[in-house]
Amino acid sequence: MTNGNGRSGPLVVIIEDEPALAESVSFALETEGFRVRSADDGVDGIALIRRHRPALVLLDVMLPGLSGLDVCRQIRRDSDIPIIMLTARDSEADKVSGLELGADDYVTKPFSMRELMARVRSQIRRSTRTGQYADTNEVLRGGKITLDVDAHEVRVDNEMVELRPKEFKLLETLMHRTNRLSTREVLIDDVWGATYFGDTKTLDVHIKRLRHKLEKDPSNPERIVTVRGLGYKFVDDQ
Ligand code: CA
């Protein structure tokens, strides 16, 4: 299960198998200006984190399949991203294990949204300060193309180019994976959401529009290249 969108604030991934709780936490986060994606099990959660590199993870301890503690251990293998564990009231052992495995904080269920939001903000502030996560002023560059995430501006050769919101998001996703394949599934999931069941031609139409706006010769693209049968790749050959 993936949801949430809306551009702007830092991204939070929630891994929680109780739909009502996941939903109310998502709502509270979105109200605070965060973007949210959620997963209801550990495997999907880890995939979301690897794909989207969120600013923070909210991680339930009691999950079906892979436990929250296993998920925490796996995240810590390759990431310092802040993790707040959501633990059951009577499970002192889970709190201790979570912190030992590298979680940054925990809240005990049932928690107030106000308390959770305060902890989320505090963890994100801390990680921003220590440079783990730089949300401000992210500028992606490739050849003559620059994309300023926060200003929501794209320039080619210093000339501002007008992109529609979906085109912008598509380019951002491609540039985050510069010189690496972005599969059709990743692009559709990222730009239109995992619940999108529309025509996959929509993606090709948006790629075509981007090429017209960004490429010297749109019919012979050098930046946004097709990887036949799989997806697209943003190429920075410099
Ligand atoms: Ca649970």
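Which residues in α7 meet which residues in α8? The points below work towards that contact, and they should be read with the reminder that this is a predicted model.

1. **The contact of α7 with α8.** On the α7 side the residues are Arg 184, Leu 187, Ile 188 and Trp 192, and they meet Thr 202, Leu 203, Asp 204 and His 206 in α8. Sorted by class, this contact has four nonpolar, two polar and two charged residues.

2. **How the two helices are arranged.** Two packed helices are described by the angle between their axes and the distance between the axes. For α7 and α8 the angle is about 85°, and the axes lie 10 Å apart. Angles of 65 to 115 degrees count as roughly perpendicular, and α7 and α8 are therefore roughly perpendicular to each other.

3. **The surroundings of α7.** Helix α7 covers residues 184-192 and is mostly covered, since seven of its nine residues are buried. These buried residues are Val 186, Leu 187, Ile 188, Asp 189, Asp 190, Val 191 and Trp 192, a list that a student may like to trace along the helix in the structure above. They pack against several elements, including the strands β2 (35-39), β10 (181-183) and β12 (231-234), and also against the helices α2 (42-52), α6 (165-176) and α8 (201-214). After α7 comes Gly 193, whose phi is positive, near 95°.

4. **The calcium ion.** The protein donors of the calcium ion are Asp 17 and Asp 60, each through OD, and Met 62 through O, and they lie 2.1 to 2.3 Å from the ion. Written as a spacing in sequence, the donor residues read D-x42-D-x1-M. Asp 17 lies in the loop between β1 (11-15) and α1 (19-31), whereas Asp 60 belongs to strand β3 (residues 56-60), so this pair ties together parts that are 43 residues apart in sequence.

5. **Salt bridges that link separate parts.** The structure holds 18 salt bridges. One of them joins the side chains of Asp 104 and Arg 76, at 2.9 Å from N to O. Asp 104 sits in the loop between α4 (92-100) and β5 (105-108) and Arg 76 in helix α3 (residues 68-78), so the pair ties together parts that are 28 residues apart in sequence. Asp 104 itself is partly exposed, with a relative accessible area of 26%. The side chains of Lys 144 and Asp 157 also meet in a salt bridge, at 3.9 Å from N to O. Here Lys 144 lies in the loop between β6 (139-142) and β7 (145-148) and Asp 157 in the loop between β8 (153-156) and β9 (159-161), so the parts tied together are 13 residues apart in sequence. Lys 144 is exposed, at 54% relative accessible area, and Asp 157 is partly exposed, at 48%.

6. Glu 167 counts as buried at 0% relative accessibility, whereas Arg 164 counts as partly exposed at 47%. Elsewhere, salt bridges that share partners join Glu 16, Glu 18, Asp 60 and Lys 109 into one network.

Note on methods
Residues are numbered from 1 along each chain as its sequence is written. This is a predicted model: local features need pLDDT of at least 70, side-chain atom pairs count only at pLDDT 80 or more; totals for chains, interfaces and linings use all residues. Side-chain values use heavy atoms; hydrogens and water are left out. A salt bridge is a side-chain nitrogen of Lys or Arg within 4 Å of a carboxyl oxygen of Asp or Glu. Helices (H or I, at least four residues) and strands (E, at least two) are DSSP runs, numbered from the N terminus. Buried means under 20% relative accessible area, exposed over 50%, partly exposed in between (1.4 Å probe, protein chains only). Donors are N, O and S atoms within 2.8 Å of the metal (3.2 Å for Na, K and Ca); water is not among the atoms, so sites may look incomplete. Contact means heavy atoms within 4.5 Å. Axes are lines fitted to C-alpha atoms, for helices over the stretch in contact, and angles run from 0 to 180 degrees between N-to-C directions. Angles under 35 degrees count as roughly parallel, over 145 as roughly antiparallel, 65 to 115 as roughly perpendicular and the rest as oblique. Ala, Val, Leu, Ile, Met, Phe, Trp, Tyr, Cys and Pro count as nonpolar, Asp, Glu, Lys and Arg as charged, and the others, Gly among them, as polar.
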